[in-house]
Protein chains: 4
Amino acid sequence: MRRLRMAMIGGGPGSFIGPVHRIAAELDREIELVAGAFSSDAERSRAAGLSYRIDPARAYRDVAALLEGERARGDGADFVAIVSPNHHHLPAAKAALAAGFPVLSDKPLTATLAEAHELANAVTASGLAFGVTYTYSGYPLVREARERVARGDIGAIRKVVVEYPQGWLAGAAEGKQAEWRVDPARAGEGGCIGDIGTHAFHLAEYISGLRVNRLFADLGTVVPGRLLDDDVAVLLRFENGARGVLLASQIELGELNGLRIRLYGERGGLVWRQEEPNSLVVHRADGGTEILRAGTALGAAASGATRTPGGHPEGYLEAFANIYRDFARQLRGEPGTAAPGIDEGLRGMAFVSAAVAASRDGRGWTDFNI
Amino acid sequence: MRRLRMAMIGGGPGSFIGPVHRIAAELDREIELVAGAFSSDAERSRAAGLSYRIDPARAYRDVAALLEGERARGDGADFVAIVSPNHHHLPAAKAALAAGFPVLSDKPLTATLAEAHELANAVTASGLAFGVTYTYSGYPLVREARERVARGDIGAIRKVVVEYPQGWLAGAAEGKQAEWRVDPARAGEGGCIGDIGTHAFHLAEYISGLRVNRLFADLGTVVPGRLLDDDVAVLLRFENGARGVLLASQIELGELNGLRIRLYGERGGLVWRQEEPNSLVVHRADGGTEILRAGTALGAAASGATRTPGGHPEGYLEAFANIYRDFARQLRGEPGTAAPGIDEGLRGMAFVSAAVAASRDGRGWTDFNI
Amino acid sequence: MRRLRMAMIGGGPGSFIGPVHRIAAELDREIELVAGAFSSDAERSRAAGLSYRIDPARAYRDVAALLEGERARGDGADFVAIVSPNHHHLPAAKAALAAGFPVLSDKPLTATLAEAHELANAVTASGLAFGVTYTYSGYPLVREARERVARGDIGAIRKVVVEYPQGWLAGAAEGKQAEWRVDPARAGEGGCIGDIGTHAFHLAEYISGLRVNRLFADLGTVVPGRLLDDDVAVLLRFENGARGVLLASQIELGELNGLRIRLYGERGGLVWRQEEPNSLVVHRADGGTEILRAGTALGAAASGATRTPGGHPEGYLEAFANIYRDFARQLRGEPGTAAPGIDEGLRGMAFVSAAVAASRDGRGWTDFNI
Amino acid sequence: MRRLRMAMIGGGPGSFIGPVHRIAAELDREIELVAGAFSSDAERSRAAGLSYRIDPARAYRDVAALLEGERARGDGADFVAIVSPNHHHLPAAKAALAAGFPVLSDKPLTATLAEAHELANAVTASGLAFGVTYTYSGYPLVREARERVARGDIGAIRKVVVEYPQGWLAGAAEGKQAEWRVDPARAGEGGCIGDIGTHAFHLAEYISGLRVNRLFADLGTVVPGRLLDDDVAVLLRFENGARGVLLASQIELGELNGLRIRLYGERGGLVWRQEEPNSLVVHRADGGTEILRAGTALGAAASGATRTPGGHPEGYLEAFANIYRDFARQLRGEPGTAAPGIDEGLRGMAFVSAAVAASRDGRGWTDFNI
């Protein structure tokens with residue numbers, strides 16, 4: 001059973017996320033990176049190809065060349081991963097789908113909701129697989145949490161609090177990673193809310209198994225002169241009436257990547273923190289509190305997402321690899337969890353759009369249906 | 001220098017907070033409990049007097065008898081502590097002030113904002129000292145945080161997140177502690193927001209040194225049939241434009257008394273958690289993170305509020321004792337921190353009232369001035 | 001039921017432990033400090049009396065005067081607490097017992113094992129109550145741990161690791177607290193091992209319910225010029241064959257008061273840390289891990305040692321108060337836990353003596369029987 | 001620059017460590033697994049080859065066939081990784097070296113010290129590169145700690161405490177992983193001390209930069225009927241006189257893989273825990289405590305060993321990959337950290353041998369020189 005062949009769009013020199021996608025894709029030897037259009041600058045794309053140690057002939061000058069070149073080969077790419085800034089997602093994905101390649105795209109899905117709908121139509125029309133790397137849903141204990149909620153361990157959900165504090169954009173946004181994220185032309189209409197708020201939103205719906213259907217948003221721009229939001233508070237209602245709070249910030253100095261979530265039901269609660277991802281706190285109905293550890297006797301979802309025994313920490317790259325592995329198995333037609341798909345991508349963009357609009361217009365509570 | 005003599009109103013059999021006030025008051029030997037009207041039931045008041053080991057003659061049948069009795073003695077009480085449920089605060093405090101006794105009252109100040117104003121007027125008219133036991137401002141590291149913010153260590157405050165999760169009212173409210181808290185006739189117009197939201201509100205203003213001047217409130221009643229809020233989210237703006245989030249809940253199963261606060265400024269951040277109160281996380285301007293520990297070389301405010309060397313945990317009772325000691329010194333005319341006073345009490349009630357009204361009316365952002 | 005009256009020996013100006021004993025004794029209103037010989041300097045004893053706010057006539061110039069004065073009064077002290085440096089323990093305790101006063105003494109029992117035997121004989125001869133403040137056995141979760149071990153929750157004990165790291169004597173020993181502890185004339189034959197090793201030793205035997213009967217000791221003096229040990233490793237065997245490790249140090253820079261213990265049995269394990277004393281980790285037979293919290297539904301021993309609901313941290317002073325309360329109830333003839341007594345005190349001194357001798361002589365494993 | 005080609009010996013069906021080596025080797029795309037003798041059973045070796053997705057022709061029936069086959073190919077393996085149980089290490093490594101292949105071997109180096117010396121001679125004679133996967137020295141913050149010690153941040157080391165608690169062998173040793181570890185014929189003369197004690201020993205010497213030159217050992221067999229040690233305490237002296245404690249256990253129920261180390265010097269201390277590997281606690285000379293986080297502005301050694309920004313947890317596989325990357329760069333003749341080599345492997349075996357002998361003979365302190 002051969003490895004699936006992956007072509008990458010984006011991930012050129014200086015990219016943080018390109019190498020992360022490469023490692024995640026290849027971790028389980030189900031996929032290998034074979035080609036890429038790593039930069040819109042041909043020279044830089046070539047340099048990136050060398051750094052990835054792929055065949056230099058397959059480090060293409062642009063997306064069109066990549067798709068054409070790979071389609072022409074007998075051993076061409078099986079799918080395309082898109083890891084470029086947000087405004088590139090739509091054209092890249094549409095081109096890849098049009099050329100017959102399944103796509104695994106970074107989040108947020110696109111730069112705007114309109115683009116997201118356009119992409120969703122293209123996906124439907126293509127009949128091809130399409131995934132979105134909501135990385136944090138790849139963590140074993142996130143999956144354990146989801147499984148426990150689904151089987152009713154904590155009863156009907158009453159409350160969800162998801163927070164995503166970061167501090168790296170508390171000052172001037174300098175460097176390749178920062179600059180595009182604060183530029184509406186490249187990031188889209190959401191700043192912090194698009195970049196990390198979408199992760200938090202997906203995580204809340206993913207674990208709870210519930211959809212948000214109403215929200216109140218308070219987006220702020222704290223750093224003077226910035227054009228997009230950098231600090232976000234959104235109050236939520238879920239379809240079953242559960243109450244929710246979503247906080248995200250990129251100006252909380254000293255916070256690194258502090259995504260965390262807690263869910264409370266009629267019979268218990270669950271608490272998970274991304275920076276210590278190998279533990280899950282379970283508050284039981286009887287008042288007791290347990291600490292679950294990755295790699296120990298957990299449910300099928302968590303066990304299947306763990307590669308080492310308990311006490312051998314796995315982290316972000318392994319979680320990311322789980323998304324890739326899910327996508328690979330989906331492409332092979334194997335049973336198992338699918339990667340997050342176009343619907344989740346679209347919901348994320350609808351959330352950004354609804355929150356930006358509601359906050360800007362000073363609207364109160366807003367229905368949220370998609 | 002003799003100990004100040006304290007009379008207690010409330011704190012009868014089954015009370016949790018009465019013994020806590022007694023311990024806190026006496027911890028530093030600056031105060032001693034000598035008398036009380038511990039219950040509105042004379043027999044129960046007498047029983048409580050025995051349990052406190054005070055002179056049986058000074059366990060009075062009601063507030064009036066207490067005030068009259070103590071005023072008549074040469075060695076009568078120097079001040080009155082009020083620890084009964086909210087709806088008793090106003091009549092008890094007014095009577096005590098009218099009888100010439102300074103008052104230290106539990107929070108929230110009263111059951112309603114109207115009562116709070118009435119009490120504030122009575123305090124002003126009396127010219128007597130009046131304190132409110134916002135206990136959590138008694139913790140050494142809370143005071144260290146306040147001192148650091150005041151001297152500009154983290155620069156201008158941009159963001160405050162204060163959370164107060166509890167889970168003990170997630171089911172039916174049973175038992176003496178629970179019953180009055182969910183009864184509007186005794187608790188007042190706020191449930192969770194009055195009981196613990198006021199603590200969170202005070203803590204945010206106390207450490208930041210800033211006043212909230214605008215809010216959006218989302219109060220919910222999660223447990224079916226309950227008449228007051230039990231789950232609270234309030235978005236805040238502070239007078240300097242800083243953004244804030246205040247969360248409080250009594251239905252988050254498994255949470256005990258998880259008050260915590262984090263503040264971020266232009267040059268750093270501070271994080272404190274009540275359940276591990278002897279540490280303060282400091283995020284510095286240069287990106288470094290320090291852990292401060294109570295009892296080590298800290299500022300004057302923290303050092304003065306600590307009784308043991310570092311590594312000897314102090315807790316809730318010691319924090320409470322710091323409020324009492326502040327009040328005692330205030331009564332003696334000694335220099336130092338005053339206990340939280342009528343203004344802080346009034347602001348807390350105004351916060352409850354504004355949040356309850358704003359949430360009920362579906363109002364959007366509401367100005368908050370008092 | 002009146003409060004018991006306590007006289008204190010030691011605890012003069014600059015003492016850390018004197019005020020701690022005073023607070024602990026009085027916390028539950030079962031005891032009150034009424035008299036003392038706080039210093040061997042009459043003037044300083046008087047000053048301390050003022051700081052404790054006791055009747056100036058009862059701040060005596062020396063121990064003899066105290067004992068005589070209190071014996072002569074109708075309302076004289078009911079017992080004596082000894083809180084002075086180690087070399088004072090024996091003469092003070094013998095004098096107090098001879099004068100008919102029960103004694104509660106700080107640890108270690110005496111300066112040398114010979115003194116300890118002499119004191120034990122005096123206690124026996126007197127027929128009076130005698131307690132030793134092994135403070136850490138007063139923590140609720142330490143008592144919960146002991147109860148769980150005793151009822152077999154973790155099966156037969158196989159392994160105990162107790163550690164007590166401190167760093168405050170890593171440099172020159174300056175200040176009142178430090179100086180006598182490194183002086184053999186005042187501290188006795190053990191330095192670190194006597195000061196904190198005895199706490200660790202008692203805790204291990206207290207929770208495990210097992211006696212050490214064999215040891216290998218490695219005591220070191222790390223700070224140049226010091227005359228007593230400041231860093232200690234002792235390997236242990238318990239009477240049932242269980243293996244043990246006891247580490248104590250006062251030169252581990254940055255450590256405050258990090259006493260902690262972990263016990264493993266055939267069916268589980270228990271982990272407790274003094275600096276976060278309100279949690280106990282329980283490793284169950286089935287591989288699960290629970291976190292117990294003070295103030296929640298625990299066993300009788302822990303519940304009886306807690307004054308506040310879960311989530312309201314109690315600490316060192318409250319643990320200390322539990323020892324005092326136990327002693328008070330013992331004096332009153334009430335049922336309940338007794339304070340640690342002369343046997344535990346004697347075992348602690350035997351441990352110091354055996355370890356010091358074994359380490360000095362380069363002996364290998366040494367039997368330890370007393 | 002092509003990837004280095006790796007052949008694996010061991011790592012057949014059911015192996016935990018085989019897939020770990022594969023992932024670690026390939027993580028940075030500097031190495032690829034191309035061949036293996038995965039099992040001494042030809043059929044099982046073939047099955048493993050399929051699971052690794054390598055060319056079936058290169059899943060050899062035994063070591064001899066592997067070495068011969070790979071040597072004969074133009075694109076044959078560049079080096080051999082040995083991941084089989086301990087007793088296979090010597091013959092496999094000798095054969096590989098004799099066939100001209102550099103070797104990267106799992107730890108402990110061999111089953112006995114005599115074998116270790118034999119292997120060391122073979123390595124010297126071959127002139128080929130030889131590495132040992134002391135995985136934990138691959139963690140970024142372990143390297144930061146080493147760098148800080150080396151540049152004198154905490155002054156001369158006075159004390160090292162390294163602990164390695166596990167609980168998975170507290171019962172009967174069942175399953176492929178467990179069985180050989182408790183069998184002297186396969187594991188060698190050390191049980192727990194060889195399996196994990198060697199990791200702890202290496203870590204202590206690696207970070208401190210100091211060699212142990214004296215020890216006292218107390219090895220125990222707790223589980224009835226077991227033939228090798230499963231619980232270990234060793235007291236240490238380092239060449240500069242520093243004191244040390246090394247604890248390792250496989251019977252501490254509930255412990256997963258709790259390797260941790262703390263080092264104290266004249267001017268500070270360092271604390272690191274494998275199960276939360278992305279933080280390092282630094283106790284400064286001035287009494288302050290800092291928390292360092294992987295992926296933030298750290299020294300060159302840590303930065304070079306990190307692939308993601310702060311707050312994106314990296315774990316065991318990434319640490320392992322750092323050892324492989326070091327080895328790959330060594331093979332390519334690039335500058336940088338070398339993987340732990342034959343000397344460290346040999347010291348580990350000498351430590352096992354000395355501790356086993358000292359403990360068995362009831363010897364006291366033993367010199368330890370190699």
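Modeller: Happy to. A quick way in is to ask how far along the sequence the contacting residues are. In chain A, among contacts between residues at least 6 apart in sequence, 68% join residues at least 24 apart. Keep in mind that this is a predicted model.

Biologist: What does the secondary structure of chain A come to?

Modeller: Chain A has 12 helices and 14 strands. As for burial, 65% of the 370 residues of chain A count as buried.

Biologist: How do I judge the overall dimensions of chain A, say its span along the principal axes?

Modeller: The C-alpha trace spans about 60 × 50 × 40 Å along those axes. Then try the radius of gyration: a compact globule of 370 residues would have one near 21 Å, and chain A has 20 Å, so the two agree.

Biologist: Which domains does the assignment give for chain A?

Modeller: Domain 1 covers 4–135, while domain 2 is made of 138–309 + 341–360. Their C-alpha centres lie 26 Å apart. The contact between them takes 20 residues from domain 1 of chain A and 23 residues from domain 2 of chain A.

Biologist: Which elements give two or more residues to the side of domain 1 of chain A that touches domain 2?

Modeller: Those are α4 (86–98), α5 (113–126) and β5 (130–132) of chain A. The most comes from α5(A), with 4 residues. Sorted by class, that side of domain 1 has 12 nonpolar, 7 polar and 1 charged residues.

Biologist: Is α12(B) mostly covered or mostly uncovered?

Modeller: Mostly covered: 15 of the 19 residues of α12(B) are buried. Take B:Val352, which sits in this helix. The cut-off for buried is 20 or more other C-beta atoms within 10 Å. B:Val352 has 31 C-beta neighbours inside 10 Å, so it counts as buried.

Biologist: And which residues does B:Val352 touch, not counting those up to four places away in sequence?

Modeller: B:Val352 touches B:Pro108, B:Glu189, B:Gly190, B:Ile193, B:Gly194, B:Gly197 and B:Thr198. For a sense of sequence against space, compare B:Val352 with B:Ile196: they are 156 residues apart in sequence, yet 10 Å apart C-alpha to C-alpha.

Biologist: Now the chain interfaces. How many residues does the contact take from chain B and from chain C?

Modeller: Each gives 30 residues. On the chain B side, α1 (17–26) and α11 (316–332) each supply at least two residues. The most comes from α1(B), with 4 residues. That side divides into 13 nonpolar, 7 polar and 10 charged residues.

Biologist: How many residues of chain D are in contact with chain B?

Modeller: 7 residues of chain D are in contact with 7 residues of chain B. The chain D side divides into 2 nonpolar, 4 polar and 1 charged.

Biologist: Which strands are joined by bridges between chain B and chain D?

Modeller: Strand β13 (residues 289–293) of chain B is joined by 2 bridges to strand β13 (residues 289–293) of chain D, and they run antiparallel. To find the pairing on screen, go to B:Ile291, whose bridge partner in β13(D) is D:Thr289.

How values were computed: Residues numbered from 1 in each chain as written. Chains lettered and ligands numbered in written order. Predicted model: local features only at pLDDT ≥ 70, side-chain atom pairs only at ≥ 80, totals over all residues. Domains from an automatic or database assignment. Contact = placed C-beta atoms within 7 Å. Nonpolar A, V, L, I, M, F, W, Y, C, P; charged D, E, K, R; others polar. Pairing = 2+ DSSP bridges. Rg over C-alpha atoms; globule rule 2.2 N^0.38 Å. Buried ≥ 20, exposed ≤ 12 C-beta atoms within 10 Å, placed from the backbone.
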